[in-house]
Amino acid sequence: MKARTVGELLRISANTLVERQLAWDIDDGLLQAELLYAKVSATSRTQVIADKDSAISPASLNEYRLVFDRRLASEPIGYILGEKEFFGIPLMVGPGTLIPRPETEVLVEIALERCKTIENISEYLNIIDVGTGSGAIAITLARYLSNFRVYGIDVSEDALRWAKKNEELFNLHDNIELNRGDLLSDISVALEHKTSVLVANLPYIPTEEANTLPEEIREQEPFVAIDGGEDGLDLFRRLAVQLSSVLTPDLGCVLFEVGAGQISWVEDIIRDGIEPITDKVLKVSHHRDLTNTRRVLEISYGI
Ligand SMILES: C[S@@+](CC[C@H](N)C(=O)[O-])C[C@H]1O[C@@H](n2cnc3c(N)ncnc32)[C@H](O)[C@@H]1O
């Protein structure tokens with residue numbers, strides 16, 4: 001890299017990332033380069049931008065080359081940085097867990113609103129986050145909802161290790177419990193018919209499509225976190241029949257992140273799971289993400 005200033009280095013890096021299809025466009029390339037440079041120079045991205053005209057020190061350049069080469073080898077930027085910002089906080093991430101995506105923040109926003117309502121009318125302030133991964137959803141909810149107890153479940157020990165690190169980072173031992181389990185098969189007695197909120201961002205990509213995702217997702221992030229079976233809906237079908245073991249009959253709210261075009265299918269599956277639990281009217285809402293895709297299914301009753 002023949003760059004003399006920080007700005008030149010960032011521009012060359014951004015162009016290379018775009019050429020190698022590791023960035024969507026030049027802005028995304030610049031963002032990645034700025035974050036990587038901030039990491040090696042132990043500063044903030046804002047400072048890197050402010051220092052654009054400064055000369056690069058040989059030491060910084062050498063360190064930068066090492067991390068940039070990792071990026072060129074398709075290592076996800078979140079793993080290289082060791083963190084990913086989610087809902088305004090930096091969560092620790094690394095190999096073994098899915099890197100939280102911004103669209104999941106929609107689900108968190110709605111969950112926070114519903115929980116504030118439920119807090120005033122239910123005696124059961126338990127939330128289950130199925131497929132908790134790095135703990136992105138569980139950690140965020142626990143930070144804002146001190147009256148609730150949040151139960152994060154994941155089938156992957158590797159993912160749970162990251163969730164535990166985040167639990168420690170944000171000092172949430174008192175209101176989060178993380179456990180290994182296959183969906184709701186191993187839930188504790190404390191949750192049986194005593195859960196008012198269930199949230200999940202389960203794997204929903206059809207297997208064939210998952211196999212064609214960019215290498216940095218397909219090969220580097222855990223396949224168990226993205227593969228939803230033949231039509232992407234396997235996990236929803238299995239979970240739907242387990243809902244009656246945890247949800248309270250009087251009131252409840254379930255929120256699911258879904259893939260583009262899946263929401264009506266998932267609605268039918270989850271409705272079938274909830275109808276036998278309650279005699280209350282089910283309220284169904286479809287919520288869109290920032291790209292206008294119907295991303296979050298909400299079904300609630302009694303609230
Ligand atoms: C799409 S990731 C979501 C991770 C995190 N909740 C987030 O939003 O960033 C799906 C998660 O579900 C977990 N998972 C897959 N199959 C599961 C199962 N049968 N039971 C529990 N968790 C499962 C994966 O290990 C992965 O962590």
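**Figure 1. Phe87 in the loop between strand 1 and strand 2 of the predicted model.** Strand 1 comprises residues 83-86 and strand 2 residues 89-92, and Phe87 lies in the loop between them. Although Phe87 is a residue other than glycine, its phi is positive, near 50°. Phe87 is classed as partly exposed because 19 other C-beta atoms lie within 10 Å, whereas a buried residue would require 20 or more.

**Figure 2. Ala42 in the loop between helix 2 and helix 3.** Ala42 is not a glycine, yet its phi is positive, at about 50°. Ala42 has 9 C-beta neighbours inside 10 Å and therefore counts as exposed, the limit for that class being 12 or fewer.

**Figure 3. Packing of helix 6 against helix 7.** Two packed helices are described by the angle between their axes and the distance between the axes. For helix 6 (residues 104-119) and helix 7, the angle is about 35° and the axes are 10 Å apart. The crossing of this pair, helix 6 and helix 7, is right-handed. Helix 6 contributes Thr104, Leu107, Val108, Ala111, Leu112 and Cys115 to the contact, and helix 7 contributes Ala136, Ile137, Thr140, Leu141 and Tyr144. Of the residues in this contact, nine are nonpolar and two are polar, with no charged residue.

**Figure 4. The shell of residues around the ligand.** The ligand is surrounded by 23 residues, of which Gly131, Gly133, Val155, Asn201 and Ala225 are the closest. Two or more residues of the shell come from each of helix 7 (136-144) and strand 4 (149-154). By residue class, the shell around the ligand consists of 14 nonpolar, seven polar and two charged residues.

**Figure 5. Gly181 and its contacts.** Gly181 is located in the loop between strand 5 (176-180) and strand 6 (197-200). Apart from neighbours within four places in sequence, the residues in contact with Gly181 are Ile153, Val155, Asp186 and Ile187. Gly181 counts as partly exposed because it has 16 C-beta neighbours inside 10 Å. Gly181 and Asn171 are ten residues apart along the chain, and their C-alpha atoms are separated by 23 Å.

**Figure 6. The two parts of the domain assignment, domain 1 and domain 2.** Domain 1 covers residues 6-73 and domain 2 covers residues 104-301. Taken over C-alpha atoms, the centres of domain 1 and domain 2 are separated by 35 Å.

Definitions and conventions. Residues are numbered from 1 along each chain as its sequence is written. This is a predicted model: local features need pLDDT of at least 70, side-chain atom pairs count only at pLDDT 80 or more; totals for chains, interfaces and linings use all residues. A residue is near a molecule or strand if its C-beta atom, placed from the backbone, lies within 6 Å of it. Helices (H or I, at least four residues) and strands (E, at least two) are DSSP runs, numbered from the N terminus. Ala, Val, Leu, Ile, Met, Phe, Trp, Tyr, Cys and Pro count as nonpolar, Asp, Glu, Lys and Arg as charged, and the others, Gly among them, as polar. Two residues are in contact if their C-beta atoms, placed from the backbone, lie within 7 Å. Axes are lines fitted to C-alpha atoms, for helices over the stretch in contact, and angles run from 0 to 180 degrees between N-to-C directions. A crossing is left-handed if the near helix is turned anticlockwise from the far one by less than a right angle, and right-handed if clockwise. Domain bounds come from an automatic or database domain assignment.
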